[in-house]
Amino acid sequence: MVTLVRPSSKVCNDTPANVGPITIQWRGADSARTPGVRALALTDAQIPDRYLTMSDADLDRRIESARRTLGSDLVILGHHYQRDEIIKHADFRGDSFKLSQLAADRAAAKYIVFCGVHFMAESADILSSPSQQVILPNLEAGCSMANMAQPDDVEQCWTELTSMIDQPIVPVTYMNSAASLKAFCGRNGGIVCTSSNAVGVLRWALERGKKVLFFPDQHLGRNTALRLGYRQDDMQIWTPRRALGGHEAAEIQATTFILWLGWCSVHARFSTEQVRWVRENYPGVRVLVHPECKREVVDLADESGSTELIVKRVSESPPGSVWAIGTEINLVSRLANENPDKTIVSLDPVICPCSTMYRIHPSYLAWVLDELVDGRVVNRIAVDPDTTRWARVALERMLAIQ
Ligand code: SF4
């Protein structure tokens, strides 16, 4: 049985149609404070209007025709949170890190079209070879959580922390962050983590430092530290642009984890009331949530884990299993469609897709592929060499501990 939406379900006001374009703060490789603050988009081409009015069937035909023409020169990557109309054209689907690794393994592909958000395309560029070009179909597809940690603010935080604390501090950035922040971690003895390896990464960090600065997602940082046996008292939230993050010096000196005030607008919606509701209404349900959810939701769930773990758990469960899932709705819907012998519901009755992921529409995919067929690369994401070098250092530290 497939159940997607409870009877009271409605769509949240933050649907893509109602969301205006986000501002991606492009800053070039010449930033005085942090070299390579952002990857550069090498073109500023605009999608022609005709792509925005094409029928779905025409768009599908154009995309498939371009795929055939480009052959092995092209690989299309689709993040789990992409809509089905995109996923059906993807050569691979997965989470951001898995997709970046897949891209790096496909050296024959000259063009990597990443159907995801900006930081994912940056990571693919960092991990791929110099002969490969990474394309993000819509440059407006950013990540609101990644944008909550601006490089200048992290630099300011670091300056304040290192000037008042004698003990070693290890910076840890979530994969969902700008390339420049991965490079910041590389330069400063830090590391990158994903939602699947955060426990191992924090252990690594605590072997090298007395304190951890974790950004941009406070919830992943908190949930992981609690899993390691630390207490809420061992953590402080750092509010950017406030002196000492809004704390007294003694509070910062006494704490172990400094968690950036950042969150995912999709995962922060899930609540304990929703967990209780599904338990009352779906006997035998197992509640599975992403660790970007709030602590109290993770505590009440049966399990938390990355999108890859969520896919694995549901796919491998026996027929008749009942799941309530706390992650982005496109993935939940797809799991329900692909597992018709199981009951799969979204934990959130107010269905809310990731509005920035949703900006990858088939119109944009068709456009960038047509341009490739005509010998033009539009919407390329290229990280400058210095940022790439240091971001790789942080990523390789992470890979070494897996
Ligand atoms: S789901 Fe959350 S973390 Fe993922 S891209 Fe969307 S806003 Fe960013």
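Two strands are taken as paired if DSSP finds at least two bridges between them. Helices (H or I, at least four residues) and strands (E, at least two) are DSSP runs, numbered from the N terminus. The structure is a predicted model, in which local features need pLDDT of at least 70, side-chain atom pairs count only at pLDDT 80 or more, and totals for chains, interfaces and linings use all residues. Residues are numbered from 1 along each chain as its sequence is written.

The average pLDDT of the protein, the predictor's confidence in each residue from 0 to 100, is 89, and 89% of the residues score at least 70. In residues 1-38 the pLDDT is below 50, and this stretch has 69 contacts in the model beyond near neighbours in sequence. Two residues are in contact if their C-beta atoms, placed from the backbone, lie within 7 Å. Of the contacts in the protein with a separation of 6 or more, 70% join residues 24 or more positions apart.

The secondary structure consists of 17 helices and 17 strands. A residue is buried if 20 or more other C-beta atoms lie within 10 Å of its own, exposed if 12 or fewer, and partly exposed in between, with C-beta atoms placed from the backbone. Of the 402 residues in the protein, 47% are buried.

E3 pairs with two strands described here. With strand E5 (residues 111-115) the pairing is parallel and runs over 5 bridges, and the bridge partner of valine 75 in E5 is isoleucine 112. With strand E4 (residues 92-94) the pairing is also parallel, over 3 bridges, and glycine 78 has arginine 93 as its bridge partner in E4.

An open sheet is formed by 4 strands in the order E13-E12-E14-E15, with parallel pairing. Strand E13 (303-304) and strand E15 (343-346) each have a single partner strand, so one side of each is left without a neighbour in the sheet. Strand E12 (residues 286-289) is joined to strand E14 (residues 322-326) by 4 bridges. Across this pair, valine 287 has alanine 324 as its bridge partner, and leucine 288 stands opposite isoleucine 325. E12 is joined to E13 by 2 bridges, and these strands run parallel. In E13, glutamate 303 is the bridge partner of leucine 288.

A nonpolar core is a set of buried Ala, Val, Leu, Ile, Met, Phe, Trp, Tyr and Cys residues joined through C-beta atoms within 7 Å. The largest such core has 113 residues, of which Ile112, Phe114, Val172 and Ile191 touch the most other members. Helix H16 (residues 362-373) gives the most to this core, with 7 residues. Leaving aside neighbours within four places in sequence, valine 172 is in contact with residues including Cys185, Ile191, Val201, Leu213 and Phe214.

Tyrosine 174 lies in strand E7 (residues 169-174). Tyrosine 174 counts as buried because it has 27 C-beta neighbours inside 10 Å. Its contacts, not counting residues up to four places away in sequence, are Cys193, Pro216, Asp217 and Leu220. Tyrosine 174 and isoleucine 191 are 17 residues apart in sequence, and their C-alpha atoms are 8.8 Å apart.

Asparagine 330 belongs to helix H15 (residues 329-338). With 21 C-beta neighbours inside 10 Å, asparagine 330 is also counted as buried. Asparagine 330 touches Tyr81, Gln82, Arg83 and Pro353, not counting residues up to four places away in sequence. The C-alpha atoms of asparagine 330 and tyrosine 81 are separated by 5.4 Å, although the two residues are 249 residues apart along the chain.

The ligand is surrounded by 13 residues, the closest being Cys143, Met145, Cys264, Val266 and Cys354. A residue is near a molecule or strand if its C-beta atom, placed from the backbone, lies within 6 Å of it. By class, the shell has 8 nonpolar, 4 polar and 1 charged residues. Here Ala, Val, Leu, Ile, Met, Phe, Trp, Tyr, Cys and Pro count as nonpolar, Asp, Glu, Lys and Arg as charged, and the others, Gly among them, as polar.
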